[in-house]
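Q: I am new to this structure and would like to learn how to read it. Could we look at it together?

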Amino acid sequence: MTDDVENRLKLRGLSVLSSNYYTLRKASFDFQRGDGAWQHQERESYDIGDAAAVLPFDKTAGKVLLIKQFRWPVFEWGYKRLLIEVIAGKLDGDTPLACIHREAMEEAGVSLSNPRLLSDCFVSPGAVKERVALFLADYDSSAPRAKGGGHESEGEDIAVLETGLDEALAMIPKVEIVDMKTIALLQAAKLET
C-alpha cells in the first residue's frame, strides 16, 4: 500500500449538518485499511476555511508582537483568560501573504517586512478542515503603529502585547501562552537568533 489514499476511499455520502458560521459536514465512506480490509466509517469535519498567521519579530530589539483576545472555544474548555496569540486571520480569497499584511494592520496596527513562510500546515486534522500558512516577518518596534484592535463588527476586541522573545517563550511553561501556532512561531523565531 502507498501513502496515496485516493484509491483507498469510497465516499458513500456527504451531508451538511450546520452552516451557521462555518460548515459542519458528516461523511460516510469506506476506507481500505493497511491490511487490505475495507472498513465503513463516519466522520464529521468542521470547515472553517484556510488561514495565515504571522509573528512580527524585531531581531535587533529582541521583541515580538502578539495579540490578546477572547476565544469562546478555549473559554468553554475552561481556560478563563484572554488568549495570547500571533496575528492571524482567514484568507477570505486573499493569498496567505496578502492576508498577513492585512491582519497585521487590522489587529496590531503594524507594517511588516521580509515575511518568511515557515510552513503551510494542518492545525487539528482529526476534526477541522483548515490549513494555516505560518510566517515570521520583521517589524520595527521603535516605529509608530496604527490603532489596530480588529473589527468590532466581527466581534473582535484585540489588545496588542509587545514583549521580549525570551519573555514570551517563558510564558509557555507557565500556561500563559497555550495556542499551538503561537508556540511554533515563537520557537521558530528563537531559532533565528
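A: Gladly! Gly109 is found in the loop between H2 and E8. A word on the source: this is a predicted model, in which local features need pLDDT of at least 70 and side-chain atom pairs count only at pLDDT 80 or more, while totals for chains, interfaces and linings use all residues. Residues are numbered from 1 along each chain as its sequence is written, and side-chain values use heavy atoms, with hydrogens and water left out.

Q: Is Gly109 buried or exposed?
A: Here is the general idea: buried means under 20% relative accessible area, exposed over 50%, and partly exposed in between, with a 1.4 Å probe and protein chains only. Gly109 has 4% relative accessibility, so Gly109 counts as buried.

Q: Which residues is Gly109 in contact with, leaving aside its neighbours within four places in sequence?
A: Contact means heavy atoms within 4.5 Å. With those neighbours left aside, Gly109 touches Ala104, Arg145, Ala146 and Gly148. Gly109 also lies 7.7 Å from Gly149, C-alpha to C-alpha, although 40 residues separate the two in sequence.

Q: How do I read a helix such as H2, and which of its residues are buried?
A: Helices (H or I, at least four residues) and strands (E, at least two) are DSSP runs, numbered from the N terminus. An α-helix has 3.6 residues a turn, so residues three or four places apart point the same way. The expected span of a helix is 1.5 Å times one less than its number of residues. H2 covers residues 96-108, and its 13 residues reach 17 Å from first C-alpha to last, close to the expected 18 Å. Its buried residues are Cys99, Ile100, Glu103, Ala104, Glu107 and Ala108. Seen down the axis of H2, these fall within an arc of 130 degrees (taken from the directions from the helix axis to the C-beta atoms), so they line one face of the helix. Their packing partners are several strands, including E4 (51-58), E5 (63-69) and E8 (113-122).

Q: What does helix H4 look like when read in this way?
A: The 12 residues of H4 (residues 180-191) should span 16 Å, and the end C-alpha atoms are 17 Å apart, which agrees. Lys181, Thr182, Leu185, Leu186, Ala188 and Ala189 are buried in H4. They cover an arc of only 160 degrees around the axis, which puts them on the same side of H4. Met180 and Leu191, on the other side, are exposed.

Q: How many aromatic pairs are there?
A: A pair of aromatic rings is described by the distance of the centres and the angle of the planes. Rings of Phe, Tyr and Trp (its six-membered ring) pair if their centres lie within 6.5 Å; planes under 30 degrees apart count as stacked, over 60 as edge-to-face and the rest as tilted. A search of the whole structure finds 4 such pairs. In one of them, Tyr22 and Tyr46 have ring centres 5.9 Å apart and planes at 90 degrees, so the pair is edge-to-face. Tyr22 is in the loop between strands E1 (9-18) and E2 (23-32), while Tyr46 belongs to strand E3, 24 residues apart. Tyr22 is partly exposed at 25% relative accessible area, and Tyr46 is partly exposed at 34%.
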